[in-house]
Amino acid sequence: MSVFDGFKFRSTSSPIHKLDPRAKFIYVCALFAVAIIFNNIIPLLVLFLIQIPIVFRAKVQKEWMRSMKGSVVFAIMIFVVNLLSLHFYAGHEPLIYILERSSAMTIRFIVLVQSFSIFFLTTSPDILSLALEQSGVPYELCFAFTTAIRFVPVLAEEAQTIMDAQKARGLEIESGNFFRRIRNYIPILIPLIVNAIRRSLELAETMESRAWGACEKRTNLYMLKIKRNDLLLIIFSLVLLTVSIYVSIHVYIPSLASLLYTATV
Amino acid sequence: MIIVENLYFTYPNGVKALLGVNLKIEDGEFVAIMGQNGAGKTTLVKHMNGLLKPTRGRVLVDGVDTRRVSVAWLARKVGLVFQNPDHQLFSETVEEEISFALKNFGYDRKTIKRRVEWALKMLDLERYRKVSPFMLSGGERKRVALASVLAWDPKIIILDEPTIGQDYMQKEKLRQFILQLNQQGKTIIVVTHDVEFIAECNPRIILMKQGRIMVSGKAEEILTNEDLVKEASITLPEIAKLFKCLEGYGFPLNVIDAYKAAEIIYERLRSRNERI
């Protein structure tokens, strides 16, 4: 379950944790957009690198590494798929170009995972819900959202217990061919889903019995305010986005291979 | 025979659950592991069928190191019934649920049918054979879970909190059933908080606290020792409490069984009447 830990909120105190989730959300969106705009390796590498100081500032290196390790399998898959498809559709290009292009796609994926990881590692579900609420999302939806996030670790733990219980009854999850393996997950998924449904019904009942939704208008003890740092982050995000759009249209970005080539010559 | 040698276990999240456990459980023994929440009871029994592997030290089941074999291999010998039946029930009918493990172990059709029949009968579930396990009550689900493990006739049976959610009648049945299995030569290991249930079974008691074994010994010695029992966050059985109150009148302290208690009191009353 270590992959999930790479996206689970860590309650520590850091300037990044203190940022308004709305500002962070704008930053993540801008980063997403920029990562999609470019398909050259150099800007994507830059995007990857500028986030590393943020990770260290937020003191979440360990958890961030988990999310990175967890994405390795997918990253390799993306790399291979890109490599193969480029090989078949653009086979006339030199190999170095195909390799660089595939790496760029892989780094793009890693940048996306990384920004998600930073966002969720440093934003508590409660604050996130508060931000949603203040952005005009109905409270019921915000509550459903935070509850869903909150129950992820519970589900993960339960999945582990169910796996243990079925292994104790002789189930060998890792045995057999591909289809057999998928079938092996049925005894784990059914109890997990049934329990999740049961729990949600129970949760609804306990919430009703504690007068959930009794007041038409809820008030909050804490209110989010955009502070100076938040404003700076928003401005940075917007500038990054604008510059990227400008660069992608008007500036020719050399490939890493050609740069290295000219450097050696 | 299960031998636990200097067992340390740390969960991946850093929680140190076991800190040097040494234990030997003979074939055919009846053992109850008791202690407060988080003492490491469930962690300890999960080592006995290989679900957890020691961080340090080792666990031997019939001389085989649990690190060297798979859970499926060990499970044939060691049947572990989990606390919550909802963590394992998934089939469409009770019958299928019970035959799941038998299929995993590769028994042939005829044997599976025979063993399922036997398990259904043993746990009084025959009328539910075609019913979905999800439609049953909590206590019945618990019995289905138990049946699904007993069906393959493991030599060692571990029950994690078997009495939770069972009414008095079912508990009594369960007790008779466990004693019967024990008499047939099965090794029984029960993890529980239920002092009254254990007092009536009179097994060997192992008290655990914070990842260590505090003490191990006969039920009538341990469950009547107020200090020990208190330290393990359980209470004295009612009979032991009663005899503790009567200590000043010369009643013995090491009584936990209702029938034995009745005998002692009857004897006392009779001798007094005779004197008058």
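Where chain A meets chain B, 17 residues of chain A and 21 residues of chain B take part in the contact. Keep in mind that this is a predicted model.

**Chain A overall**

- Chain A has 265 residues, and 26% of them count as buried.
- If you take the contacts in chain A with a separation of 6 or more, 82% come from residues 24 or more positions apart.

**A helix to look at in chain A**

- Helix 11 of chain A covers residues 228-250, which is 23 residues.
- From first C-alpha to last, helix 11 of chain A reaches 32 Å, close to the 33 Å expected at 1.5 Å a residue.
- Buried residues in helix 11 of chain A are A:Asp230, A:Leu233, A:Ile234, A:Ser237 and A:Ser244.
- Those buried residues pack against helix 3 (21-37) of chain A.

**Nonpolar cores**

- The largest nonpolar core holds 85 residues, and the ones touching the most other members are B:Ala147, B:Ala151, B:Ile158 and B:Leu223.
- Helix 5 (residues 138-150) of chain B gives this core its largest share, six residues.
- Apart from that core lies another one, of 28 residues, with A:Ala35, A:Trp64, A:Ala104 and A:Leu233 among them.
- Back in chain B, and leaving aside neighbours within four places in sequence, B:Leu223 is in contact with B:Val195, B:Ala199, B:Ile205, B:Val229, B:Leu236, B:Pro237, B:Ala240 and B:Ile256.

**The sheet in chain B**

- Chain B has an open sheet of four strands, in the order 2-1-4-5, with antiparallel pairing.
- Strand 2 (16-25) and strand 5 (64-65) of chain B sit at the edges with a single partner strand each, so one side of each is left without a neighbour in the sheet.
- Strand 1 (residues 2-10) of chain B is joined to strand 2 of chain B by seven bridges, and the two run antiparallel.
- To find this pairing in the structure, look for B:Thr10, which stands opposite B:Lys16 in strand 2 of chain B.

Key
Residues numbered from 1 in each chain as written. Chains lettered and ligands numbered in written order. Predicted model: local features only at pLDDT ≥ 70, side-chain atom pairs only at ≥ 80, totals over all residues. Contact = placed C-beta atoms within 7 Å. Buried ≥ 20, exposed ≤ 12 C-beta atoms within 10 Å, placed from the backbone. Core = buried A, V, L, I, M, F, W, Y, C linked by C-beta atoms within 7 Å. Expected span 1.5 Å × (residues − 1). Pairing = 2+ DSSP bridges.
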